[in-house]
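Thank you for coming, everyone. Please have the sequence and the model open while I talk, and stop me if you lose track of where we are.

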Amino acid sequence: MTGRSLYLSDGANAPVVRRDGPSVWIERKGSAGQRVPARLLGRVVIIGNVRLDAEALTLFTESDIPVIFLNRRAEESAVAMSYNHRLPGLYESQRALADDPAKAGRYRQWAQLWRERLQHGILRRLYKPISPQFRAGVKESDYQEVISYLKPNDKEKWAVVSDFVNNLMRGIILERIIKAGLDPHPGIIHRTHLFGFALDMCYILGAETDCQCVQFFRSSINAPALDHNYRISGLTESAVKNLVHRFENKRIAIQVLIRDIINEFMDMLPAGRQ
């Protein structure tokens, strides 16, 4: 399908990462070093203060592997990607779609239908005993009201966890966009934003992010402390591991979903420009 995820996080056993030819060499205190070939990777996520040499970073970017940087408070994020002077192969088609009011309108309807379809599926998954009561075509306001009953009372805590998961989602989305020869920037819903198309995809997949957040807060193994303020002190190391592990368990299914959405999007591109 696609390459593996490489997560590099600070904490008690923070790694030191350097380039070693076509691979990276990862060292952790008290552990044997590990060599990871870049060709096996699809995306890299750097969490917190990790020692990563510039050659390792350029190895990832020249291999078209997006690198996501974020901290434990999910307040700051950055993306490192390959740069050259050539636009992606389908850039002109994307621009033509975005600049045509009629086509852009159909795109918005298409994106909303996908979002509603996924919201419906998530409600059925989270409320299994009463899932037959959820009809297709659930309204956005109804979905938000129902999902609100599953959120913690602390809205800041939900916001931090949601932002963290959304950044993990963005890494897979960027990987799939790059591999499809698309440009991550020319969005329609997020028309005036950098990485606008990637943000459009995040919007469509919002219910998947919600589901993972709900399941995290339901967890009895690594339940977050009630008095822990994530905006001040950040996600704990165990919380980060919980979220990453949960996300990786769903990664293949999410990749298939993103692939299907992108394939449908490419069918919408103006004829003769692909």
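Predicted model: local features only at pLDDT ≥ 70, side-chain atom pairs only at ≥ 80, totals over all residues.

Let me begin with a question: in which hand, left or right, does α5 cross α6 as it passes?

To the answer, then: the crossing in which α5 passes α6 is right-handed. The two partners are helix α5, residues 155–179, and helix α6, residues 196–204, whose axes come within 10 Å and cross at roughly 120°. Angles from 65 to 115 degrees count as roughly perpendicular and only those over 145 as roughly antiparallel, and α5 and α6 are therefore oblique to each other. The residues that make this contact are N166, R170, I173, L174 and I177 on the α5 side, and F197, A198, L199, M201 and C202 on the α6 side.

Is N166 buried or exposed? Because its relative accessibility is 19%, and buried means under 20%, N166 counts as buried. If we leave aside the neighbours within four places in sequence, N166 is in contact with C202 and T209.

Let me step back to the chain as a whole. Its secondary structure comes to 9 helices and 8 strands, and of its 274 residues, 49% count as buried. Among contacts between residues at least 6 apart in sequence, 66% join residues that are at least 24 apart. The accessible surface of the chain comes to about 13,800 Å², and 50% of that belongs to carbon and sulfur atoms.

Now to another pair of helices. Helix α2, which covers residues 91–99, packs against α3 at an angle of about 95°, with the two axes 5 Å apart. That angle makes α2 roughly perpendicular to α3. The contact is made by L97, A98 and D99 of α2, together with P101, K103, A104 and Y107 of α3.

Staying with helix α3, we also find R115 there. R115 is buried, with a relative accessible area of 10%. Which residues does R115 touch, if we leave aside its neighbours within four places in sequence? They are E140, Q144, Y203, I204 and G206.

This leads us to helix α4, residues 140–148, in which Y143, V146 and I147 are buried. Why do they lie on the same side of α4? They cover an arc of only 95° around the axis, and so they share one side of the helix. What covers the buried residues of α4 includes α3, residues 101–126, and α7, residues 206–218.

I will finish with a residue in a loop. D53 is found between β6, residues 51–52, and α1, residues 54–62. How accessible is D53? Its relative accessibility is 30%, and because that value falls between the 20% limit for buried and the 50% limit for exposed, D53 counts as partly exposed. Not counting residues up to four places away in sequence, D53 touches V17, R18 and R19.

Terms used: Residues numbered from 1 in each chain as written. Heavy atoms only, no water. Helix = DSSP H or I, 4+ residues; strand = E, 2+ residues; numbered from the N terminus. Buried < 20%, exposed > 50% of the residue type's maximum accessible area, 1.4 Å probe, protein only. Contact = heavy atoms within 4.5 Å. Areas by Shrake-Rupley, 256 points an atom, 1.4 Å probe, with all protein chains shown as cover. Arc of directions from axis to C-beta. Axes fitted to C-alpha atoms, helices over the stretch in contact; angles between N-to-C directions. Parallel < 35°, antiparallel > 145°, perpendicular 65-115°, else oblique. Left-handed = near helix turned anticlockwise from the far one by under 90°.
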